[in-house]
Amino acid sequence: MTGRAEIWHDRANVAARVMAAIFAGYAISYLFAGALPLWLPIVRTEAVLWTSLASFVVYTCIALYAFSARSAWALWRNLVVIILLLLSAVWWGR
Amino acid sequence: MLSTFRQSMTWLHTWCGIVTGWVLFAIFFSGTLAVFRHEIDYWMMPELQVSVSADAVTAGQRVLQQVAPAAVRWMIDLPTERAPVMRVRWQAGPKDRLQSRYIDGGGQQLSPRETSGGSMIYRFHYGLLLGRTGMWIVGGLAMAMMVALVSGVIIHAKIFREFFTFRPFRPAPRAWLDAHTVCSVAVLPFSLMITYSGLVIWWFIWMPGGLELAFSGERAAVFRDMAPPGFERVAPSTVPAVMADLSQILRLATDTAPSGLTIETVAVANPGVPNARVDLTRISDDALWGVGDRLRFDGTSGELLERLPERGAPAFVTHRIIRILHEVKFAGPWLRWLFFVMASISCAMIATGTVLWGTKRRIKHVKSFAAGGATRRDALAVFGVDAMNVGVIGGLFTATGVYFHANRLLPATMSGRADSEVTIFFLAWLLCGCAAIAYLLSFHRRFASLHGAQSALRRLWGLQWAVAASVALAIVPLDEMTTSGISRAAKRGDAVVLSFHASLLIAALAMAWVAWMGLRPLTMQRVGRS
């Protein structure tokens with residue numbers, strides 16, 4: 001691998017993680033705040049508030065994970081799986 | 001991402017901090033001042049600094065009876081320790097907007113100068129004065145702050161030992177790192193609390209997943225559920241009636257309450273008809289989060305009709321407490337000052353972080369200069385960040401001082417005055433940034449070596465702090481000359497105005513001391529060590 005290719009590889013790696021942290025992280029926290037209340041056995045409005053308060057912690061954790069995961073591929077695979085799980089939780093819960 | 005978890009976190013912490021550092025500093029700085037935004041509002045409207053009546057509610061009722069006898073709603077804002085002013089507000093018809101008027105102790109109308117006030121600083125804090133877009137930017141930056149804080153904690157596993165490690169006389173990056181660590185560790189719980197609470201205050205704007213997915217976006221219904229229980233609305237009758245004495249009602253509410261209690265506003269629905277209702281919110285001073293209750297009185301007979309204790313599901317109460325903690329809404333003066341000091345240290349944490357990065361970068365890059373010395377372009381490329389640190393961080397202090405000057409110097413009757421104040425604030429800030437860059441470009445030769453660069457930057461910081469200190473110091477005589485602010489405050493024992501000036505003097509002295517540190521000639525020994 002030439003030096004130039006390595007630089008581009010590094011940049012793509014960082015870009016993939018930044019995207020994962022910002023966008024996949026937001027999608028997961030958003031879906032987390034929306035999906036969990038559908039399944040929690042407490043009053044809906046209260047459940048929404050609890051999960052919304054917690055969603056910011058979720059977002060933080062995803063961001064840290066995005067920059068500590070071994071490979072960007074594995075990172076995106078896992079995040080997509082989580083998004084699909086949450087999406088189906090919304091789908092079946094509604 | 002890198003070979004170990006801690007290395008990855010260091011990388012994340014550094015970049016997260018650099019990309020967001022300057023705007024985050026501005027947000028924290030304005031948030032720190034916003035702790036005292038009502039006091040700043042009060043200082044910026046010197047026309048209101050007159051004596052208020054001890055029986056404010058009677059004066060307010062008399063004025064409203066004259067000005068708006070047929071209104072559907074009255075509100076009388078009582079003077080508080082933080083803002084000893086009286087204001088009446090009324091709503092003429094059910095669809096009309098609230099109108100308001102400041103009054104003095106005798107009920108005479110006061111016309112304060114048009115100003116953006118401390119409220120501008122508060123609005124800048126949550127939305128950079130850019131509306132919804134600005135709120136999203138602030139939300140994103142708060143999220144980055146959260147990530148930077150948590151990753152910062154992970155980097156510094158030996159956090160308590162490092163707190164007692166401060167080596168101010170070691171070479172620059174070490175000393176700045178220590179300063180950054182000391183600031184961060186000292187207020188870590190505070191900065192975590194303030195960042196998290198700042199994020200969740202407006203969860204429904206930034207993270208509306210729950211609203212949109214679990215409720216199909218029926219926002220109004222959700223908020224109705226979440227709001228604390230309120231009183232029923234009563235349709236007004238059309239027969240005129242004589243109102244009860246509001247001061248008696250207020251006394252009744254105060255006498256039956258436990259000690260330490262605040263009532264900020266007396267609200268009257270349907271004034272002047274038989275089914276007038278007087279609603280009061282009593283907030284206890286004992287609890288930081290303002291536990292209280294609400295009382296409803298009959299507006300004509302003055303009898304207590306209903307009492308609503310503060311209650312709500314745990315989730316709502318939790319959110320309420322988080323919000324009130326962030327806004328230090330009901331804190332007494334000491335707690336308010338404690339918040340101010342901790343917020344200032346958080347500002348220092350951000351500032352030392354960006355300066356630290358500049359310092360490290362400088363050492364790495366200055367070696368790349370050719371033997372001939374630094375050209376303008378080299379200097380800008382390597383030291384642009386340092387100059388912007390000076391312009392953004394130091395410049396914000398100067399610009400805030402200039403904003404206060406504008407409040408006193410612009411003609412009181414000028415149209416568009418409030419907006420001009422804000423324009424002047426931003427121009428002053430911009431000018432500080434430009435001045436820092438101009439300094440860098442015109443003295444580019446001094447930046448050729450690390451020693452030269454360090455003494456030139458030291459001088460630039462010194463100059464910037466000297467300007468900021470002079471601007472702050474000049475506000476005190478300026479207030480006296482334009483509105484006789486100090487002599488009036490001294491005569492009336494106006495604690496708010498006097499504390500405002502005392503704080504300015506302390507800030508000016510602190511900045512002058514830092515300026516002197518930067519501008520004094522260095523002894524050889526000191527140069528050798530730094």
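## Ground rules

This is a predicted model, so to speak of local features we need pLDDT of at least 70, side-chain atom pairs count only at pLDDT 80 or more, and totals for chains, interfaces and linings use all residues. Residues are numbered from 1 along each chain as its sequence is written, chains are lettered from A and ligands numbered from 1 in the order in which they are written, and side-chain values use heavy atoms, with hydrogens and water left out.

## Where the chains meet

Counting contact as heavy atoms within 4.5 Å, 33 residues of chain A touch 39 residues of chain B. Together the two chains bury about 3100 Å², 78% of it on carbon and sulfur atoms; that's the accessible area (1.4 Å probe) lost on putting the two parts together, summed over both.

On chain A's side, helix H1 (3-39) and helix H2 (44-68) each supply at least two residues. Helices here are DSSP runs (H or I, at least four residues), and strands are too (E, at least two), numbered from the N terminus. H2(A) gives the most, with 18 residues.

## Two positive phi angles

Most residues other than glycine have a negative phi. Asn270(B) isn't a glycine, yet its phi is about 55°. You'll find Asn270(B) in the loop between strand E6 (265-269) and strand E7 (277-284) of chain B.

Ser484(B), also not a glycine, has a positive phi of about 45°. Ser484(B) sits in the loop between helix H17 (450-483) and helix H18 (485-492) of chain B.
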